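Please look through the sequence and the model shown below, and keep both in view while you read.

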Amino acid sequence: MTDKPVRLGFVVAEFNRDLTYMMEMEAEEHARFLGAAVHDRIYVPGAYDMPLAIRKLLKKSDIDAVVTIGCVIEGATDHDQIVVQHAARKILDLSLEFDKPVALGISGPGMTRLEAEDRIEYGKRAVESAVKMVRRLEE
């Protein structure tokens, strides 16, 4: 195992930006705490738009893992379910395709705005997962 800092890429959804901003700030602070560094970040309109940006970051040799940050709040239809289901599936596929961790830091679906505010730490959890996976795969 090496002591080199884990190099992260962030893909952050702009939808519900007031919440994803707080998630992003907590995630970045936690990355520093863990000795990791955010080398690149891409902002996308929403969680559904993440896969292409994730792919772009995974292609970079100076990125060890990608952290997704998003917040999908329940609406009047099942749209939130569909968005998160498809995004999560593609995120997993990209991780396997590029042999690099992609951590799911998307809160939702099926939550109210109040519940979303209580789940701001999802970005922090995703950083924790990404860093752990990189280090464990190095062993």
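In helix H2 (50–58), the residues Met50, Pro51, Ala53, Ile54, Leu57 and Leu58 are buried, where buried means under 20% relative accessible area, exposed means over 50%, and partly exposed lies in between, all with a 1.4 Å probe and protein chains only. Seen down the axis of H2, these buried residues fall within an arc of 165°, so they line one face of the helix; the arc is that of the directions from the helix axis to the C-beta atoms. On the other side of H2, Leu52 and Lys56 are exposed. The cover over the buried residues of H2 includes strand E1 (7–13), E2, E3, H3, strand E4 (102–103) and strand E5 (106–107). The helices (H or I, at least four residues) and strands (E, at least two) named here are DSSP runs, numbered from the N terminus.

Before going further, note that this is a predicted model, in which local features need pLDDT of at least 70 and side-chain atom pairs count only at pLDDT 80 or more, while totals for chains, interfaces and linings use all residues. Residues are numbered from 1 along each chain as its sequence is written, and side-chain values use heavy atoms, with hydrogens and water left out.

The loop between strand E2 (37–44) and helix H2 holds glycine 46, and tyrosine 48 is placed in the loop between E2 and H2 as well. Are these two residues buried or exposed? Glycine 46 counts as buried because its relative accessibility is 10%, whereas tyrosine 48, with a relative accessible area of 54%, is exposed. If neighbours within four places in sequence are left aside, glycine 46 is in contact (heavy atoms within 4.5 Å) with Ala13 and Phe15, while tyrosine 48, with such neighbours again left aside, is in contact with Val83 and His86. The C-alpha atom of glycine 46 is separated by 9.6 Å from that of isoleucine 69, a residue 23 places away along the chain.

Alanine 76 counts as exposed because its relative accessibility is 89%, and threonine 77 counts as exposed at 53%, but isoleucine 73 is partly exposed, with a relative accessible area of 22%. Leaving aside neighbours within four places in sequence, isoleucine 73 is in contact with Asn16, Leu19, Asp80, Met111, Thr112, Arg113 and Ala116.

Most residues other than glycine have a negative phi, and most peptide bonds are trans. Asparagine 16, in the loop between E1 and H1, has a positive phi, near 60°, and this residue is buried because its relative accessible area is 18%. Aspartate 99, in the loop between H3 and E4, likewise has a positive phi of about 60° although it is not a glycine, but aspartate 99 counts as exposed at 68% relative accessibility. Which peptide bond is cis, with omega near 0°? The bond in question runs from glycine 108 to proline 109, and proline 109 is found in the loop between E5 and helix H4 (113–117).

Finally, consider a residue within helix H3, serine 95. Serine 95 counts as buried because its relative accessibility is 16%, and, not counting residues up to four places away in sequence, serine 95 touches Lys100, Pro101 and Val102.
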